Every structure is written in C-alpha cells, then in structure tokens.
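Let's walk through this protein together, with an eye on its charged side chains and one of its helices. Have the model open as you read.

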Amino acid sequence: MESSGIREAPGRGPRVLVVGGGIAGLGAAQRLCCCSALPSLRVLEATARAGGRIRSERSFGGVVEVGAHWIHGPSQSNPVFQLAARYGLLGEKELSEENQLVETGGHVGLPSVTYTSSGGSVSLELVAEMSSLFYSLIDQTREFLHSAEAPAPSVGEYLKKQIREHVASWAEGEGTKMLKLAILNNLFNVECCVSGTHSMDLVALAPFGEYTVLPGLDCTFPGGYQGLTDRMAASLPTDVMVFDKPVKTIRWNGSFQEASAPGEAFPVLVECEDGGCFPAHHVIVTVPLGFLKGHLDTFFEPPLPPEKVEAIRKIGFGTNNKIFLEFEEPFWEPGCERIQVVWEDLSPLEDVAPELQDAWFKKLIGFWVLPASGACHVLCGFIAGLESEFMETLSDEDVLLSLTQVLRRVTGNPRLPAPRSVLRSRWHSAPYTRGSYSYVAVGSSGDDLDLLAQPLPADGKGAQLQVLFAGEATHRTFYSTTHGALLSGWREADRLISLWDLQAQRPGPRL
Ligand SMILES: Cc1cc2nc3c(=O)[nH]c(=O)nc-3n(C[C@H](O)[C@H](O)[C@H](O)COP(=O)(O)OP(=O)(O)OC[C@H]3O[C@@H](n4cnc5c(N)ncnc54)[C@H](O)[C@@H]3O)c2cc1C
C-alpha cells in the first residue's frame, strides 16, 4: 500500500477522514476538533479550495457568488446565520430583528419590472395577481404531506391541474389570457431554479411540504459567502485540510495495516486518485449527490447496499446556474432590484420542447441587479434544467451574444449596448459536483434522504461506524441549502462523538 505521504498526528485517538471540504465537511471537522476525544483528523478535498458549492469570486470590482447566494431564512434557528453573525460577516440590516421576523413562506418577491418578448412591459398589478395565484397554489402543494393519497404525482402536474380550472373562469380576452399564462410560465421556471430541477413535473408532490422554510428575509454576505467557509477552514488546526486530493475509492469492512502503526488494524482505507492511501477508523463522506450518482460503481468497495444505491439513484439532483452580465451603464431604473423576462409564446399548459440551441435562453427567469460597485453595473441571471446544462456547453461569446439579443428584444431597444463582459457558473460540468443541489423527485421521498444519511455497516452491530454520510442531500427538511449541509456535518460528527463517549463508558480498549 502506498502511504499518504502525510505524517499522521501522534497519539492513538480514533482516526477520522472527512471526504469533501464544503460546508458539511468543514462543519463536521470543526465539531470533531472541539471534541475531548481529539481524533486524528484529515479533510480530503478534491479541489484547491475549501467551500465547495459556496464559491465567491472577486470580479467586476466587487464580489460575485458563483454558488450559494442567500442565507435562506436568516434567523436564530438557522445555524449558518448564527455562525456568520458570530464571525462578524453580516451587516446591520441582515442582523436586525426586523429582518429576522419576516415570514416569506419561501416565496420569491415581486420583480421591479417585467419585460415581455414583444418589447413591452407588464403592469405590476397583473404580475402581482399571477404571483399571488401561483404562490397560493404552491402553498397548497405543501398540504399533502400527511394525506393518504396526493392528487397528482408531481408538483408540476398538480399546479397545472389547478391552473386549468382557474383559466376556465378567466373572463378576459385571448391576449390577456395568454399573457397571464406566460407570466405563470416564468414562475414555473423560477420554481425550477429554486428546486434545482429541469421541470416541476419531476418534483414529487406528497413530500414537497417536508422542506422547511425558516423565518427571515433572505440575505447575502456583504463580503462574499465564501468568507464563512474560509473562516471555518482557517479555524482548523494546520494540516487538517488536504487540498488537491480527489478520493477514488473508499474501501470499508476491511482490516488494513499501516507501517507506522504496527499491530493496529483499520476498517477503512481511502484511496486517492494520486495513489495516496489513508487508513482510518471512520470516514465521513460529504461529496455532492451528483458526484455519487456518477461514481457509484467505483467509489465504494465493497459496493453500497442495494437500498442505499436505490436511494442515490432516486433522489433528484438538477442544475441551476447563474449568468453575470457587466454593463458600462445601467439601462435599468435607479432602485430596480429585479428584472423579470416573460416569453409570450410560452404557457405552462403546453408542452413544447424546441431545439435547445434555438431557445435555451427562454428558460432564463430574468435578472437580479447586484449592488453597484464603482463603475461596475452587473445583472445576475438564473437558469435551470437542461437549458442550463446546454448553456454550459456554449462559449462566453455565444452566451453574451444571445443574451444581448434577448435584452434588446425585451426592452424594445435594438441599440441597447452589449454587456462589457460575462461570467457564469457551470455546475453541471464541474467534475466534483455534477449539478447544483438535490430535490425529492417523483418516485422518492424523505425516507430516501434519511436512508442516504444512514451510516455503514448497516446492521448497527458492534457500534463500529465506518462510513458516515453528510452533505445537503442527507438533510430531510433542509436539503439543497447551506444550513442543511452544515447541520448534516454536525450530525455525523456528533454521531462519532457519542460513539466514543459510549465506548469510554464501557470497559475494554478505547479506539
Ligand atoms: C448555483 C447555486 C446556488 C445556490 N444558492 C443557494 C442559496 O442561495 N442558499 C443556500 O442555502 N444554498 C444554495 N445553494 C446550495 C448550497 O450551495 C449547497 O447546498 C451547499 O453548499 C452544499 O454543501 P455540501 O458541503 O453538502 O457540498 P459541497 O459544498 O458541494 O462540498 C462537497 C465537497 O466535496 C468535494 N469532493 C467531491 N468529490 C470529491 C472526491 N472524490 N474527493 C474529495 N473531495 C471531493 C467537492 O470538491 C466539494 O468541495 C446553491 C448552490 C448552487 C450550485
């Protein structure tokens, strides 16, 4: 066995590896470092940086969030909010009690302006009417959690059924009806971004209400989200973080020796892409579900039990990307916070699938206006699904050209200056992520997320926890969020800490 080449800390405490240095892995490592059993600990991270899907880049004279954007539900029950506040990373407004008390129900607020594909704008009243209809239906979808039978398999099918009934009672002319449906279509696309899915028809209806919304008006980090994970990584003892160490295979249920620890047998051996090997008593796996789905055949040896494999296959993991456009001068009004773009030829009630290259940009929901910094004026667009994955295959020039044409068309200004530059995320192509975040897909339920979170070996005998699972996709009610990921890391660290406490109380050798 080729050794890791990394000197292990002296002492005979339990040896723990964490695979993945996103917020789940960092949270687990921080918690373990505070534990009195003081494990010998390493976090093996495939890339050159900590943070994973929390990724802030210095660009356009400020900071842009390539990954996580908001603290969802920033209030006292949100551990990301608490940690960020403790590190002094939030501003006065974000910390205010007033902000923490806002109940949004998880709904996206109204846009400042709504442009249409024919170059006009829609009255705020009509947008508000459609938004209120859409979110009242979304609220209804959350009511089927404990009912014996949901009225439809997916959130999308339920919404469409309800909308059809509403349309039957609309008294306006054809043109207005079509515009209303086009606005609703945009709201479906917004919801696809929220759920990280291609279509709401893929999102299971019955368990949808299990996702829990915390109070508080979503807020951002003035200096960048990554300030949080940077601080977490910096708080760990030196040598704990090992970068550029992609893990290839996790061997478990074994008995592995190491020359530097004669006579000691380790049940787990983590093999890295570069040939390095790390024997351990326990490994906490925090790699994204997208990576797990793509590497199921080789990542575990022996393979995972069939029911866990099934859960990994069934839980949804889709793509949501951001496209940042930088302008010389803003074309939007001062105070504008969000621009919505509505395609008048689209309706959620009609399933048309035009060629991706001709119409990928129609899935873009519009743009958030980023706070101006100096001479930089930046819009941040969101796009989900297969169209988003297709966008990743295009060049920057193609994306910039397409979106310039879209903006000229919807503003009715054929001479609108093209953006100065473009920057975008490509989460589907990112080899150690393979998508954006998880959702409960048709055919799966919250039980699958719990199943994914179960440690191995599964028989629970001998209290010999070898492989533990954390990461956003393992949190039943906060999946897809940074706080869900952080809590999952803490959960698995606590699982080990209580194991050691239990063993300390029993007679016999301690790990
Ligand atoms: C575009 C986008 C927008 C988002 N917006 C929000 C938001 O506004 N609010 C919010 O709460 N959440 C948001 N999220 C979700 C949030 O970012 C994630 O839920 C959270 O960061 C996941 O943390 P994690 O630790 O579970 O996984 P990750 O952050 O993905 O960490 C996993 C780590 O494992 C590493 N890894 C993978 N494979 C290997 C391997 N073989 N060996 C070693 N290391 C490996 C990866 O490099 C990565 O660093 C967003 C995500 C995206 C992509």
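Is lysine 245 buried or exposed? With a relative accessible area of 9%, lysine 245 is buried, where buried means under 20% relative accessible area, exposed means over 50%, and partly exposed lies in between (1.4 Å probe, protein chains only). Before going further, please note that this is a predicted model, in which local features need pLDDT of at least 70, side-chain atom pairs count only at pLDDT 80 or more, and totals for chains, interfaces and linings use all residues. Residues are numbered from 1 along each chain as its sequence is written, and side-chain values use heavy atoms, with hydrogens and water left out.

Lysine 245 has a charged partner: it forms a salt bridge with aspartate 274, and their closest N and O atoms are 2.4 Å apart. The term salt bridge stands for a side-chain nitrogen of Lys or Arg within 4 Å of a carboxyl oxygen of Asp or Glu. This pair links distant parts of the chain, 29 residues apart: aspartate 274 sits in the loop between strand S8 (268–272) and strand S9 (277–280), and lysine 245 in the loop between strand S6 (241–242) and strand S7 (247–251). Helices (H or I, at least four residues) and strands (E, at least two) are DSSP runs, numbered from the N terminus.

By the salt-bridge rule, the count comes to 21. Another of these joins aspartate 494 to arginine 31, with the closest N and O atoms 2.9 Å apart. Here the partners are 463 residues apart, aspartate 494 in helix H16 (residues 482–505) and arginine 31 in helix H1 (residues 23–33). Aspartate 494 is partly exposed at 29%, and arginine 31 is partly exposed at 30%.

Next, look at arginine 491, which forms a salt bridge with glutamate 492, the closest N and O atoms being 2.5 Å apart. Arginine 491 is partly exposed, with a relative accessible area of 25%, whereas glutamate 492 is buried at 0%. Elsewhere, salt bridges link Glu210, Asp447, Asp450 and Arg476 in a network.

Finally, turn to helix H2 (residues 79–86), whose buried residues are Pro79, Val80, Phe81, Leu83 and Ala84. At the start of H2, a side-chain oxygen of asparagine 78 reaches to within 2.8 Å of the backbone nitrogen of valine 80. After H2 comes glycine 88, with a positive phi near 70°.

Technical notes. A polar contact is a pair of N or O atoms within 3.5 Å; within protein, one must be able to donate a hydrogen and the other to accept it, and residues adjacent in sequence count only if both atoms are side-chain atoms.
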